[in-house]
Amino acid sequence: MLTETACPFCSIDPVKILLENELAYAFYDGFPVTLGHTLVVPKRHVASFFEITAEEQAALFDLVGKARELLLRQHGPDAFNVGINDGVAAGQTVLHLHIHLIPRYAGDTDDP
Ligand code: 5GP
Ligand code: ZN
């Protein structure tokens, strides 16, 4: 497998991995925007959601569902934001595809 050593998600510390399947990992975001902010990434170094295989897509969504269950048990959030910044102009800062799974807690924002 191609591993990009300069890529933080290719060189993630194995002890930080929360969940894993054949093609994907889940781990906590290093700079969480809420308690439990999790990233789900393919094991393969690929930048875009639109470049992955159907098998990788299924593996990512499998871990999004399993990470949600884990976060519900650990932290009891009320809701989630699930999202991808796909491309630099869209706000992607790490060019290794990642799905943000952001637990939300009632009243955690000032927005109406
Ligand atoms: P983006 O802006 O590309 O959608 O999100 C990149 C995310 O990766 C950010 O939420 C940032 O906090 C997180 N991040 C950046 N570097 C690291 C790292 O070395 N380890 C972990 N766990 N998360 C990181
Ligand atoms: Zn990578």
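Colleague: Into how many nonpolar, polar and charged residues does the shell around ligand 1 divide?

Modeller: This is a predicted model, in which local features need pLDDT of at least 70 and side-chain atom pairs count only at pLDDT 80 or more, while totals for chains, interfaces and linings use all residues. Residues are numbered from 1 along each chain as its sequence is written, and chains are lettered from A and ligands numbered from 1 in the order in which they are written. A residue is near a molecule if its C-beta atom, placed from the backbone, lies within 6 Å of it. Ala, Val, Leu, Ile, Met, Phe, Trp, Tyr, Cys and Pro count as nonpolar, Asp, Glu, Lys and Arg as charged, and the others, Gly among them, as polar. Here the shell holds 4 nonpolar, 5 polar and 1 charged, and the residues that surround ligand 1 include F27, D29, G30 and F31.

Colleague: In what order do the strands of the open sheet lie?

Modeller: Strands of a sheet pair through backbone hydrogen bonds, either parallel or antiparallel. Strands are DSSP runs (E, at least two residues) numbered from the N terminus, and two of them pair if DSSP finds at least two bridges between them. In this open sheet of 5 strands the order is 1-2-3-5-4, with antiparallel pairing. Strand 1 (17-20) and strand 4 are the edge strands, each pairing on one side only.

Colleague: How many bridges join strand 4 to strand 5?

Modeller: Strand 4 (residues 79-83) is joined to strand 5 by 5 bridges, and N81 stands opposite I102 there. Strand 3 (residues 38-42) is joined to strand 5 (residues 99-104) by 3 bridges, with L39 opposite H100.

Technical notes:
Helices (H or I, at least four residues) and strands (E, at least two) are DSSP runs, numbered from the N terminus.
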